[in-house]
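Hi everyone, thanks for making time today. I'd like to walk you through one model and point at a few places on it. Here it is on the screen.

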Amino acid sequence: MNVFYEVIKKKKSLIVLYILTGIVISMLSALSIHYFQRLLDGFGAHALSVSTIVIYSLIMVASCAVNYLDNQPDTKIQNFIYLDLKLLALKKMSTINYLDYQKLGMGKLVQQIENGAAAGKNILYGFYFNLVRDIIPNVILSLVFIGMIDLRIMMLVIAGYVIVFFVTNLILKYLYKIKKSILIHEELLNKYLVRGLMELVVFRVNKRFGEELRKSENASEEITDAKTKMVMIHELFFTVFALLVILIKIIVIIYSFISSNLSVGEIVALIAFLDKAYQPIAVFNVLYVQYKLDKVAFERYMDILQLPDDKNLGSGESCAVIEGDIRFAEVDFSYEGNEIFKGLSFHIPPKSTAAFVGESGSGKSTIIKQIAGLIKPDGGRIGIDGKDLSKMNLQSYYDYISYTSQESPVFDGTLKENIVFDSIVPEQDIINVLERVGLKEFYENLPKGLDTQIGERGVMMSGGERQRLALARLYFQKARIVILDEATSAMDNLTEEYVMENLMEFLKDRTTIIVAHRLNTVRNADNIYVLKHGEIAANGRFEDLLQNSSYFKELWNANSHNTVAAMYS
Ligand SMILES: Nc1ncnc2c1ncn2[C@@H]1O[C@H](COP(=O)(O)OP(=O)(O)OP(=O)(O)O)[C@@H](O)[C@H]1O
């Protein structure tokens, strides 16, 4: 599997060392039984040699030392496999086709990645590595040493293996079904959990928690029952297996007694080797069953990794957006057959401010995502500085655009880091910007000023403060095209007016695109596009629209505040 190769290739030498150490441990273990047999026979015959005692002791000491040293690669390998698989999922998110990403539910996705990474670790580390460095060497060495004592007993042991494999395959089919049900219910449970954590206020006030808890309890009961069933089936297998080994041991003892051609040392060694020959097979069976079941979880993880990438992220023409000229020419777009735009055309000249307004669902966000190259048109053309966006390399395009949404993330770090990241900027410049976004007072009240920790581990910020923090970042970016998607939605009118006035002044030589529900936000835009069901119902400056577009007036009046404002205008 390609994904395993991706993980392994980073730590090739560590893995080779780990496999070799495993083989050495198996050899030392077999040799220790062999020399123990020689010790016993030496005792019995009163002919114990010093060299046997010395070699036996050295084997035991070496075995202790290698077992201890083995912990280091062992711990490293199992952790990095698990974590690397998680990182691969994050890497996938950085290139995944946006529309496919939208279809993935967040809670389920997190659990799918969690289960998949754990399953991948079990498959690679728990199954393949165990097989190569432990199970195969132990089985081969035990059979060789048993064969050296008696070939017929070796054949009996091999016959036992066939029975074990037969039984294992029988139970596997049944376990598959149970495992799939566990995974589905675990993903569901996680979905409810994430939803409950993220929507606490909505769920509490709307009294949704009761229903969510009921569904979660059902899922949790299904998981518990299915897991218990799986353990019981596994344990039944072990019990049958232990009985089989006991039976073979009794046959060997009776056979040795009747034929009376084996020494006490040989019988003790045979019993020990029988355990060594079967123990890895028991382990193998558990691992094999687990491997097959883990494949179910791993396939679900691979489904995510195999989702298509946005092809424009890795290929296409590199570009330099100098002007910031945006042109939609006859753009068509549908979401799975549901038509959103048909022949949509408009032009946003460089260094102008364009705004998109309109009722919910009219297509504003879809246009923004198309300008950002996330959603591709089905027909028509989007031109940036005259070049076809669908032929551009988005990685180079993203050097020139910035996107700020209403959900402004606050990162774990200081106020300064949250604004300029790791750039070196004079503190006074940051303080000046904080004033322009109306956060001066907020900053002045912070215990350590710009070095105060905010976000998860520090000061919590209100929705409006977070949005102003996100806007402060814009003052330190050099994007030619700036997208503000409901970026001031959580601010009060006065604050918004102050912040936007400063920001528009700062952005006057860039192309700025604003999406807003509150029409006040876009009052000063050069061109306002009024969208209705995916079409441009009207466009122009604010005052002109108010006079000439009945639909815009309707939108303006719809807001209670605006209604009052309109009465006095
Ligand atoms: N991923 C999707 N799959 C299917 N339909 C979608 C998807 N995203 C949006 N839509 C539909 O496309 C239409 C336009 O959605 P869009 O998000 O662009 O509207 P909007 O004007 O930004 O709405 P709002 O103001 O509520 O954010 C809506 O009818 C919406 O239901």
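Let me begin with a term: for the charged patches I'll talk about, Lys and Arg count as positive and Asp and Glu as negative, and like charges are joined when they lie within 9 Å. Please keep in mind that this is a predicted model.

So, which residues form a negative surface patch? They are E217, E221, E222 and D225. Take E221 as our example: its place is in helix α8, which covers residues 209-259. Is E221 buried or exposed? With a relative accessible area of 51%, E221 is exposed, because the cut-off for that word is over 50%.

Now stay on helix α8 and look at I254, which lies there too. I254 has a relative accessible area of 45%, so I254 counts as partly exposed.

That brings me to the annotation. UniProt, in an unreviewed entry, places the feature "transmembrane region" at residues 15-36, 48-69, 131-149, 155-176 and 236-258. What does the model show over two of those spans? Residues 48-69 are 91% helix and 0% strand, with their end C-alpha atoms 32 Å apart. For residues 155-176, the chain is 100% helix and 0% strand, and here the end C-alpha atoms are 32 Å apart.

Next, a glycine. G126 is found in helix α5, residues 106-149. G126 counts as buried, because its relative accessibility is 11% and the cut-off is under 20%.

Last stop: backbone angles. Most residues other than glycine have a negative phi. Where does this model depart from that? One place is D385, with a positive phi near 50°; D385 sits in the loop between β4 (379-384) and β5 (387-388). Another is F421, whose phi is positive as well, at about 55°. F421 is found in the loop between α13 (415-420) and α14 (427-436), and at 40% relative accessibility F421 counts as partly exposed.

Terms used. Residues numbered from 1 in each chain as written. Predicted model: local features only at pLDDT ≥ 70, side-chain atom pairs only at ≥ 80, totals over all residues. Heavy atoms only, no water. Patch = residues over 30% accessible without salt bridge, like charges linked within 9 Å, V, L, I, M, F, W, Y side chains within 5 Å. Areas by Shrake-Rupley, 256 points an atom, 1.4 Å probe, with all protein chains shown as cover. Salt bridge = Lys/Arg side-chain N within 4 Å of Asp/Glu carboxyl O. Charge placed at Lys NZ, Arg CZ, Asp CG, Glu CD. Helix = DSSP H or I, 4+ residues; strand = E, 2+ residues; numbered from the N terminus. Buried < 20%, exposed > 50% of the residue type's maximum accessible area, 1.4 Å probe, protein only. UniProt positions renumbered as here; feature names shortened; annotations may be inferred.
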